[in-house]
Amino acid sequence: MGTKQFSNYESLLTFTRASKGHALRPVSYGTELVNNGDFELGDNGDWGVSTNWTISGGVATLVGGDGVYGNSGLYQVIDLDVGKIYKVSLDVSGLTGTFRVYHASYSTGTNIDSTGTLVFNIVGESGGTRLNILGNNGSAVTLDNISVKEVTFDQPDGTLTLFEHPENVPRVEYDADGNRLGLLVEESRTNLVAYSEDFSQWTGFSDPNEILAPDGTLTATKARDNNQGTNAAVTLIEPVTVSTSTTYTYSVFGKKGQLNWMALGVIQFTTPNNGRVWFDLDSGVVGTQGSGLSGAIEEFPNGWYRCSVTFTTDAVDTTGQLYIYLCEGDNLFLNTNRDGTSDLYVWGAQLEAGSFPTSYIKSNSGSTTTRSADVASIPVADFGYNQSAGTVVQEFSTADVFTANENAFSDGTNDNRIMWGLNANTGRAPYISAGGTNTVALINNSGIAGGVPSKLGIAFASNDVASSLDGGAVATDTSATIPTSITTLYLGVGATGTGTQINGHIKSIKYYPRRLSNAQLVELTS
């Protein structure tokens, strides 16, 4: 049987996610692809312009818009490779209306409706030959410092960045120390916070765009006191709408400033209805936790921590408020010594239904935002799958709390599948169906802990199935019919390619087209 060679995992993997998605990984940027991005050259420096655009005084200005799609707008011929990701940055001022930046298709471009130094990503498209900037009819805007650079991942010179991956781009994630965690596969979640980064929309005192955020952009906010007396705690407050009797997780990225203690509060929709958890942004520890609340803290690069609070709403209230408190210490609000200099930094607020936080979902347009589910698979024809026998060993970690997170060989249905994964902290290794008949129920390997790397191995042949977790005792079954119509290996998702995402990382997966011995199974999972 021949061996197929692939230059990287992306050439082997079939992957979809119908939205953007963040993950922490090393990011590098190539050379500048735009000529005269600061508009200092007198001859326009390779920029083309339509009637309503002018280049003068070191800026490009649009007055009156470009009208309908098809007009030339402001553009420059740039050779972008199809499928590659490019970072675009530009300074936007004097904006009336909106404009769009795109490569080949106006419909897949990025719509711009705000000012400041904006950074976003585009993907090289088939048929695209230039960077296009097109103002809607009646729009006006001034642009400067336009830049386009190729994005590369996982290189030795990369900077750990909470990068916003475009849709359908898989996310290989790392921890804050630069250790590779693996392919991130998550279920769909919705951020219920309308303004996750723009804290000027929250009630309280804050200065936007003060320092670099975890995503590498100058969008982090200084939350501060305003020398406003000593009558109340210093807070940022945002109203939200929730469902009753539902578990949620509220998270915020925090970084110490003059203060290093921050508290997160969920007010009016929990019992007791003034729940708070304190976090030390210097040592990275959780402090006092209110009744019925569960706090967690995760380290990110450059002094940032993601702080989260999990709670369950009461049976009555559907409206409440999210709080960020500036604090003098554990279980101590900042309500004394307020001289106008007490502060800390915040970014990336998120409220999602679920008992653990998932990756950050940017939601800054005044409404909720949904991240779609990840679906990763490999056609078995690409790696010489043996329909009658095999062994697979997977190294992975999953969320702190999980129910039925799966991986499977299947024909796209539950009728013919070899499924393994996790369920209520016990192994499912494997669950085999052939022709719609379950021939092997669960062979449990207990002890899988959320958030802890594990190695799970299964070996299968007719009437000869075994599994081992982390080099432990082998569990066996001698009554298995192996399905022979397998077409697909699904990674971190169920046998139909929908639902039961692992909500964690797949660091490695090894497949052997034969039934290895029980001793080998133990060795490979140790």
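Val-101 stands opposite Thr-110 in β9. The strand β8, residues 99–102, is joined to β9 by three bridges, and the two run antiparallel. Strands here are DSSP runs of E with at least two residues, helices are runs of H or I with at least four, and both are numbered from the N terminus. Two strands count as paired if DSSP finds at least two bridges between them.

This is a predicted model, in which local features need pLDDT of at least 70 and side-chain atom pairs count only at pLDDT 80 or more, while totals for chains, interfaces and linings use all residues. Residues are numbered from 1 along each chain as its sequence is written, and side-chain values use heavy atoms, with hydrogens and water left out.

The protein chain holds two helices and 40 strands. Its radius of gyration, taken over C-alpha atoms, is 26 Å, close to the 24 Å that the globule rule (2.2 Å times the number of residues to the power 0.38) gives for 526 residues, so the chain is as compact as a globular protein of that length. The C-alpha atoms fill a box of roughly 80 × 60 × 40 Å along the principal axes.

Of the 526 residues, 51% count as buried, meaning under 20% relative accessible area with a 1.4 Å probe, protein chains only.

Methods:
Buried means under 20% relative accessible area, exposed over 50%, partly exposed in between (1.4 Å probe, protein chains only).
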